[in-house]
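Dear colleague,

I am handing over a structure that is new to you, and my notes on it follow below. Please look through the sequence and the model first, and then read on.

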Amino acid sequence: MPKLFPDDDVKSTYDVDFRALYREGYRALLFDVDNTLVPHDAPADERAKALFSMLNEIGFKCMFISNNSEPRVKTFCEAVGAFGYIYKAKKPMPGAYEEGMRRMLSDRSTTLFFGDQLFTDIWGANNACVRSILVKPIHKFREPGQIILKRLLEAPILLSYRLLCSNKRKKWRVPLQDGRVVF
Ligand SMILES: [Mg+2]
């Protein structure tokens, strides 16, 4: 079960204080796309573009690892100007996470992963021993059928995660912007 638990969870990627993460020593970020940054299959919006231009400016290298098809992930990556992408990533297998770190010249101590699903995103990051952050899906109810089914299976695991991993017990918390609305 702990293999399905994230290292931390936040409401949204857009709430994270990335400058503080950079100060903590992180240099590379791996992201899921669908429902982590934009709704499933939605194009990059202004908020996503602003986020990645800020991340570039801070000095992060960013890559997308998605189980979706190449046109979807490539188009998104180009629209936001990120470092690169891996499509049909076969999450929860660890290969894409390892490949992403290799391409960004980063390692497990300087890389973070953000995703919205336990059985693919978080399990995969844990398999690759990359620190994982779970975000709430942007549009939970506009997803393909198999993802809705996975959400039902996720529910009891999320409940045990919340019961067993209270904020007080966590060794590490993702820094959040202190109430400032940046985007
Ligand atoms: Mg997703």
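To begin with the charged pairs, Arg72 and Asp41 meet through their side chains in a salt bridge at 3.7 Å, N to O, a term that stands for a side-chain nitrogen of Lys or Arg within 4 Å of a carboxyl oxygen of Asp or Glu. This pair links distant parts of the chain, with Arg72 in helix H3 (residues 70-80) and Asp41 in the loop between strand S2 (28-31) and H2, 31 residues apart; helices (H or I, at least four residues) and strands (E, at least two) are DSSP runs, numbered from the N terminus. Arg72 is buried, with a relative accessible area of 12%, whereas Asp41 is partly exposed, at 48%; buried means under 20% relative accessible area, exposed over 50%, and partly exposed in between, with a 1.4 Å probe and protein chains only.

Please keep in mind that this is a predicted model, in which local features need pLDDT of at least 70 and side-chain atom pairs count only at pLDDT 80 or more, while totals for chains, interfaces and linings use all residues. Residues are numbered from 1 along each chain as its sequence is written, and side-chain values use heavy atoms, with hydrogens and water left out.

The whole structure holds 16 salt bridges. One of them joins Lys170 and Asp8 at 2.8 Å, N to O; Lys170 lies in the segment after H6 and Asp8 in strand S1 (residues 8-10), so this pair ties together parts that are 162 residues apart in sequence. Lys170 counts as buried at 14% relative accessibility, and Asp8 counts as buried at 0%. Another salt bridge, between Glu99 and Arg102, spans 3.0 Å, N to O, and both residues lie in helix H4 (residues 95-104), 3 residues apart, about one turn of the helix.

There are also 13 aromatic pairs, in which rings of Phe, Tyr and Trp (its six-membered ring) have centres within 6.5 Å, and planes under 30 degrees apart count as stacked, over 60 as edge-to-face and the rest as tilted. The rings of Phe18 and Phe114 have their centres 5.7 Å apart and their planes at 55°, so this pair is tilted; Phe18 belongs to helix H1 (residues 18-23) and Phe114 to strand S5 (residues 111-115), 96 residues apart. Both Phe18 and Phe114 are buried.

Kind regards
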